[in-house]
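Keep the sequence and the 3D view open as you read.

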Amino acid sequence: MQKSILITGGAGFIGSHVVRLFVTKYPEYKIVNLDALTYAGNLENLTDIEHSSNYVFEKVNILEPEKLKEIFQKHAITDVIHLAAESHVDRSILSPMDFIYTNIIGTVNLLQTAKDFWKDNLSAHRFHHVSTDEVYGTLGNEGFFTETTAYSPNSPYSASKASSDHFVRAYGETYGIPFVITNCSNNYGPNHFPEKLIPLFINNIINNKPLPVYGKGENTRDWLYVIDHARAIDTVFHKAANHATYNVGGFNEWKNLDLVKLLIRLMDEKLGRPSGTSEALITYVKDRPGHDLRYAIDATKINKELGWSPSVTFEEGLSATIDWYLANTEWLQHVTSGNYQKYYEEQYAVR
Ligand code: NAD
Ligand code: DAU
């Protein structure tokens, strides 16, 4: 059976890198990118591959089950890689219902559609659910998240992702949907929407705008280059046993403030500013409610069982990311016009 893979959220940050990897590496597969094109979805992320003969885009919302059914039929979908989601923690604090609809109900719509469409031969298919390490809640100063860490989500975003993971598992156990789940740490790289820490701060440094560090900047995240995440998805999708879950991370922990200082050093150099000039932009603002202190992934299982490891060092990845933003000012202008300004005001004006 020829593979016809539905990649949801393929116009977003991570999804566009997954789509590109699959379209170029597997010309024998048909890749169907299904995306509602919310504020975070952007077809400009995919202009280099949009005319590939094994690629098709469908503008569909996963909250519309009838349309999902039509897409499964139209393209004889054999597998799903599910990335479509509301993904920003701060937005989930402002508007939790959007996260409940898309991340939970949207995921169940997809599971239900796949279950019905694949019912005659379920085991020939695969549902790969792309999730986050935030489902595990927060770590103290020590330890790592493993695949057996108990779920303990703290934000509406992570609670909605945890719920979606549970539904995927439940559809596997109850109805026999062959699933795999990956839980990844913080991604960074080209095409990242400038609401998340790294692209927001790159954009603000370029424009000499304040850098709003939450609290004291002591929270820690484990950063992974987005293309390494796409490689991990490729590996798990093709090699993992059914019902397996894998943590994906970079063994690359940074306190926010240290990361911001590294970013400033690299950017001042690239912008021809005297070293450290942009440190004057650092502004400490009110902390994020329920702000998880530390995330750190133990990625031993995916490394030992499937042979995946990150391919890019943090300095290389960060430098390439900054270069991408400096070379793609038009992309930045497009995504920061319109509603972005409204969101920015709401999030930061009175913080
Ligand atoms: P993103 O916000 O950049 O992109 C999300 C995409 O989903 C957009 O293209 C958007 O248009 C689409 N979408 C949103 N709602 C939709 C709906 N109702 N129907 C159809 N499409 C819809 O997100 P991202 O950072 O690329 O994250 C992708 C996935 O990876 C998410 O599931 C997220 O939880 C997960 N994840 C993200 C990170 C990270 O660091 N960004 C880390 C681990 C896991
Ligand atoms: O761990 C994986 C998760 O990483 C993904 O599931 C999420 O989709 C993704 O958004 C990301 O969540 P975070 O909340 O960790 O990422 P964010 O870039 O929003 O914030 C990173 C850290 O920086 C966090 O400690 C909050 C802080 N921060 C963030 C912003 C936007 C600031 O200090 N100032 C800011 O303006």
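Which residues in α6 are buried? They are I198, P199, L200, F201, I202, N203, N204 and I205.

## Before you dig in

This is a predicted model, where local features need pLDDT of at least 70 and side-chain atom pairs count only at pLDDT 80 or more, while totals for chains, interfaces and linings use all residues. Residues are numbered from 1 along each chain as its sequence is written, chains are lettered from A and ligands numbered from 1 in the order in which they are written, and side-chain values use heavy atoms, with hydrogens and water left out.

## The whole chain

Going by secondary structure, you have 12 helices and 12 strands to find your way around. Both kinds of element are DSSP runs numbered from the N terminus: helices are H or I over at least four residues, and strands are E over at least two. The radius of gyration is 20 Å, close to the 20 Å that the globule rule gives for 351 residues, so the chain is as compact as a globular protein of that length. That radius is taken over C-alpha atoms, and the rule itself is 2.2 Å times the number of residues to the power 0.38. Along the principal axes, the C-alpha atoms fill a box of roughly 65 × 45 × 40 Å.

How much of the chain is buried? Buried residues account for 57% of the 351. Here buried means under 20% relative accessible area, exposed means over 50%, and partly exposed is in between (1.4 Å probe, protein chains only). As for contacts (heavy atoms within 4.5 Å), take those between residues at least 6 apart in sequence: 83% of them join residues at least 24 apart.

## Surface and charge

The accessible surface comes to about 14600 Å², and carbon and sulfur atoms own 51% of that. These areas come from the Shrake-Rupley method with a 1.4 Å probe; for residues, only the protein chains shown count as cover.

On the charge side, there are 32 positive and 41 negative charges, and their mean positions are 2 Å apart. Lys and Arg count as positive and Asp and Glu as negative, with His and the chain ends not counted. Each charge is placed at NZ of Lys, CZ of Arg, CG of Asp or CD of Glu.

## The annotated stretch

UniProt, in an unreviewed entry, carries the annotation "domain: NAD(P)-binding" over residues 6–319. UniProt positions follow the numbering used here, feature names are shortened, and annotations may be inferred rather than shown by experiment. Over residues 6–319 the chain is 40% helix and 18% strand, and the end C-alpha atoms are 32 Å apart.

N208 sits in the loop between α6 and β8 (211–214), and just after the helix N208 takes a positive phi of about 55°.

Why mention that? Most residues other than glycine have a negative phi. L37 also has a positive phi of about 55° without being a glycine. Look for L37 in the loop between β2 (30–35) and β3 (55–59); at 27% relative accessibility, L37 counts as partly exposed.

## A few alanines and chain-end spots

A299 lies in the loop between β12 (282–285) and α9 (300–306) and is buried at 3% relative accessibility. Setting aside neighbours within four places in sequence, A299 touches N247, G249, F251 and W308. A299 and S309 are 10 residues apart along the chain, with 8.2 Å between their C-alpha atoms. A320, in helix α10 (residues 314–327), is partly exposed at 32%.

Q333 belongs to helix α11 (residues 329–335) and is exposed, with a relative accessible area of 55%. Its C-alpha is 9.9 Å from that of N203, 130 residues away along the chain. V350 falls in the segment after α12 (339–348) and is exposed at 78%.
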